[in-house]
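Visitor: Could you walk me through this one? I'd like to start with the charged side chains and then move on to the rings.

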Amino acid sequence: MIDASHAFVEGSVGFALGLTLLAGLATGLGSALAFFARRTNTRLLAQSLAFSAGVMLYVSFVEILPKASTDLAHHFTGSAAAWLANAGFFAGMLGMALIDYLVPSAENPHELRADADLQALKDGVATTAAEAEGQRHLWRIGFLTAAAIAIHNFPEGMATYLAALDDPQMGIGIAIAVALHNIPEGISVAVPIFFATGRRRRAFLLSLLSGLAEPLGGIVAAVALNWLIPVEATGLLFASVAGIMVYISIDELLPTAHKYGHSHEVLACIAGGMAVMAVSLLILR
């Protein structure tokens with residue numbers, strides 16, 4: 001776990017922030033794929049999301065939460081460390097749940113659009129049904145979706161940064177998992193904005209901007225660790241990171257994977273993600 005005496009080595013901080021930036025830019029990749037790919041392979045994307053869920057669930061329960069408890073044990077006696085670690089874990093989940101509850105969204109920003117809408121985006125022509133809804137309504141949907149995703153990406157960026165700062169190899173795995181789940185979010189922003197404006201560039205830019213909340217979360221985490229949060233609370237913060245990632249997996253990754261993939265394939269990909277993360281962690285020990 002992070003030690004205050006060497007936690008803020010410039011290279012480590014830069015590497016962790018770089019990972020959050022790359023994960024956030026995946027929203028722009030999602031909109032670019034919607035524009036230019038000949039065919040959106042939703043089955044492959046579902047498998048990737050399930051794999052990412054396996055990575056994040058495994059590392060949360062097997063690596064991050066136990067490390068948080070161990071770190072807290074250095075500062076608190078008896079069973080207090082275990083209680084605090086679990087409190088931090090559920091606080092992370094509750095925080096993400098409150099964001100979901102409070103952020104308005106006309107449509108679920110974590111679900112892919114219908115195949116017809118995606119094809120219309122690639123062709124550069126809005127569908128009749130979409131035109132009938134009215135440009136103002138579609139612009140509102142796109143803007144609210146972008147805002148919702150940006151707000152969701154902020155704590156995800158904090159989680160990615162903290163994980164990468166603690167363990168670079170683990171951070172890479174989490175950053176890849178977050179990036180994969182940002183791809184359909186980018187599509188969710190691009191589709192209604194394109195239908196409302198008819199401009200691919202505007203849809204792409206708004207999608208890209210919504211992902212930049214990810215590195216912003218990383219920057220805030222870096223500032224908080226360096227100047228605002230005492231060393232004794234570091235383990236509590238890491239426990240909340242585990243809660244955030246479990247919530248993301250259950251609320252965002254797995255529902256979308258099941259919607260667009262086959263149940264047995266989804267389960268196999270979850271197990272595969274866990275196995276890959278387990279092997280990578282064992283090799284590095």
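Visitor: Which residues are linked in a network of salt bridges?
Guide: In this predicted model, the network of salt bridges links Glu-63, Lys-67 and Asp-166, and the structure holds two salt bridges.

Visitor: How far apart are the closest N and O atoms of Glu-63 and Lys-67?
Guide: They are 3.1 Å apart, and the two residues sit four positions from each other in helix α2, which puts about one helical turn between them.

Visitor: And where does Asp-166 come in?
Guide: Asp-166 is in helix α6, which covers residues 135–166, whereas Lys-67 is in helix α2, so that this pair links distant parts of the chain, 99 residues apart. Their side chains meet in a salt bridge with an N to O distance of 3.6 Å.

Visitor: Is Glu-63 buried or exposed?
Guide: Glu-63 is buried, at 5% relative accessible area, and Asp-166 also counts as buried, at 16%, since the cut-off for that class is under 20%. Lys-67, with 23% relative accessibility, counts as partly exposed.

Visitor: Switching to the rings, how many aromatic pairs are there in the whole structure?
Guide: The search finds two aromatic pairs, and Phe-61, Phe-89 and Phe-90 form one aromatic cluster.

Visitor: What about Phe-89 and Phe-90?
Guide: That aromatic pair is edge-to-face, with 85 degrees between the planes and 5.1 Å from centre to centre. As for accessibility, Phe-89 is buried at 5%, Phe-61 is partly exposed at 44%, and Phe-90 counts as exposed at 51%, because the cut-off for exposed is over 50%.

Visitor: Stepping back, how many helices and strands does the chain have?
Guide: The chain has eleven helices and zero strands, and of its 285 residues 51% count as buried.

Visitor: What share of the contacts is between residues 24 or more positions apart?
Guide: Such residues account for 89% of the contacts in the chain with a separation of 6 or more.

Methods: Residues numbered from 1 in each chain as written. Predicted model: local features only at pLDDT ≥ 70, side-chain atom pairs only at ≥ 80, totals over all residues. Heavy atoms only, no water. Phe/Tyr/Trp six-rings, centres within 6.5 Å; stacked < 30°, edge-to-face > 60°. Buried < 20%, exposed > 50% of the residue type's maximum accessible area, 1.4 Å probe, protein only. Contact = heavy atoms within 4.5 Å. Salt bridge = Lys/Arg side-chain N within 4 Å of Asp/Glu carboxyl O.
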